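Subject: Structure for you to look at

Hello,

Here is the structure I said I would pass on. Please open it first, then read the notes below it.

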Amino acid sequence: MNVADSQRIDLSLERMGLDRAESIENADVVVVNTCVVRQSAEDTATGLLGRLNKAKRNDSSRVIAVMGCMVGPDQTNLRQRFPYVDVWARPQEFQPIIDAVGARTGLSTEGCLTNLTPQQPDISTFVPIVHGCDKFCTFCLIPSRRGREMSRPVEELVDEVTRLTDRGVKEVTLLGQNVDSYGHDLQPRVDLADLMERVNDIPGIERIRFLTSHPNDMSRRIIRAIADLPKVCENVNLPFQAGDDRILAEMRRGYTRNQFLERVDEIRETIPGVTLTTDLIVGFPGETEAEFEQSVRVLELVRFDKVHSAAYSERNGTYASRKMPDMVSREEKKRRLRTVDDLQAQIQTRLNADLLGLEFDILVDGETRGRLRGRTRGDKLVYLTGGGPALGETVSVGITGASPWSLEGDLRATQSQKELVFTK
Ligand code: SF4
């Protein structure tokens with residue numbers, strides 16, 4: 001979500017006539033887009049602000065703006081801590097930044113916030129479809145920082161994706177803190193399945209992804225749409241966060257372990273070949289060893305293709321930070337994190353080894369250290385051995401190498417040699 005927001009503010013500043021600076025130190029305008037999901041992310045932002053203090057002392061005309069989740073409704077504290085910051089902007093509220101830059105530089109701000117579709121988007125681009133979150137997980141700061149859910153109208157999104165395809169985009173990831181709740185606040189009410197159907201009809205789009213799902217809101221209709229719509233990739237990120245019912249209740253996730261596992265079964269039964277990824281927190285306040293073991297059991301049972309694991313990090317302003325003392329020691333959290341990461345590495349080693357010799361279509365979307373790379377529809381990262389296709393081409397590769405984190409593949413057919421057929 002932050003990458004998408006950064007692209008949009010970047011475009012609006014460019015429209016005002018600003019060019020990219022070579023470094024932060026010699027930029028006239030610096031916008032720091034912040035994330036506070038964990039303490040380490042917030043520390044990165046505050047560390048950068050420390051560096052900018054010096055830059056501002058050297059040249060006080062420079063504009064320093066901070067946006068994103070660090071900026072809550074009450075900024076008194078932040079203004080005291082960082083008096084040299086010129087403007088504080090809440091997530092997706094670009095106007096105060098544009099106004100401050102306009103006032104300082106004398107540049108016109110007219111029209112620079114309309115149609116913020118990136119001019120030179122990546123082949124695979126993020127499209128935020130719903131902002132904010134109406135859930136109140138006790139460990140999470142997002143609802144208080146990003147506000148209540150607000151869906152963008154279907155027509156606006158269809159226009160944006162169409163413009164993106166005109167600029168070379170082949171794959172879009174529809175984004176929301178809880179993407180499955182898209183549309184409930186629109187009139188007439190629609191859902192993610194309706195939007196996927198519309199995006200699926202846009203010529204030029206080859207692949208549609210979506211992030212992040214919530215087990216309670218991933219309806220049968222959405223699951224069916226993933227199975228049926230040819231361009232929607234068979235890959236679901238379904239966070240379970242904890243495997244024990246008491247911890248899930250303390251987190252206020254709104255489902256039990258069995259309900260989560262039933263949803264996984266439903267997804268796997270409906271969508272052939274689906275890959276599943278998840279998010280997991282270890283060391284939530286009061287999590288006992290036995291309760292942690294329940295999370296490990298879920299990993300063993302489901303065998304996810306990828307797990308975003310994190311040690312619980314107390315966030316000021318959350319219900320958990322007020323009511324639940326952070327009791328699991330730092331060392332113990334580290335040990336639990338190592339345990340799940342080691343287990344997951346073993347699982348991914350096996351899952352990826354099973355793909356050796358199989359053939360997949362990958363969309364070539366970049367290059368790392370001279371090697372072209374792309375992703376399967378199931379979001380497996382594949383490095384191509386040998387050159388050949390161009391960026392943005394969908395090619396067939398035979399899998400020749402596998403590690404827990406990525407695959408290697410030989411080119412079997414390029415886009416010109418094969419016809420892209422969208423069927424399921
Ligand atoms: S659903 Fe996600 S974004 Fe919303 S409160 Fe829970 S963890 Fe935070």
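Helices (H or I, at least four residues) and strands (E, at least two) are taken as DSSP runs and numbered from the N terminus. Residue numbers start from 1 along each chain as its sequence is written. The model is predicted, so local features need pLDDT of at least 70 and side-chain atom pairs count only at pLDDT 80 or more, while totals for chains, interfaces and linings use all residues.

**Barrel**

Five strands form a closed barrel in the order β11-β12-β13-β15-β14, and their pairing is mixed. From one strand to the next the twist averages 55°; axes here are lines fitted to C-alpha atoms, for helices over the stretch in contact, and angles run from 0 to 180 degrees between N-to-C directions. Two strands pair if DSSP finds at least two bridges between them. Strands β14 (residues 394-402) and β15 (residues 407-413) are joined by six bridges in the antiparallel sense. In this pair, Ile 399 stands opposite Gly 409 of β15.

**Ligand**

Around the ligand are Cys 133, Lys 135, Phe 136, Cys 137, Cys 140, Ile 142, Pro 143, Gln 177, Asn 178 and His 214. A residue is near a molecule or strand if its C-beta atom, placed from the backbone, lies within 6 Å of it. The shell consists of six nonpolar, three polar and one charged residue. Ala, Val, Leu, Ile, Met, Phe, Trp, Tyr, Cys and Pro count as nonpolar, Asp, Glu, Lys and Arg as charged, and the others, Gly among them, as polar.

**Loops**

Gly 147 sits in the loop between α5 (142-146) and β5 (150-151). Gly 147 counts as partly exposed because it has 17 C-beta neighbours inside 10 Å; a residue is buried with 20 or more other C-beta atoms within 10 Å of its own, exposed with 12 or fewer, and partly exposed in between, with C-beta atoms placed from the backbone.

Most residues other than glycine have a negative phi, and most peptide bonds are trans. The bond from Gln 187 to Pro 188 is cis, with omega near -5°, and Pro 188 lies between β6 (171-176) and α7 (192-200). The bond from Leu 211 to Thr 212 is also cis, with omega near -15°.

Arg 252, in the loop between α9 (245-251) and α10 (257-270), has a positive phi near 55°. Asp 379, in the loop between β12 (371-375) and β13 (381-385), has a positive phi near 70°.

Regards
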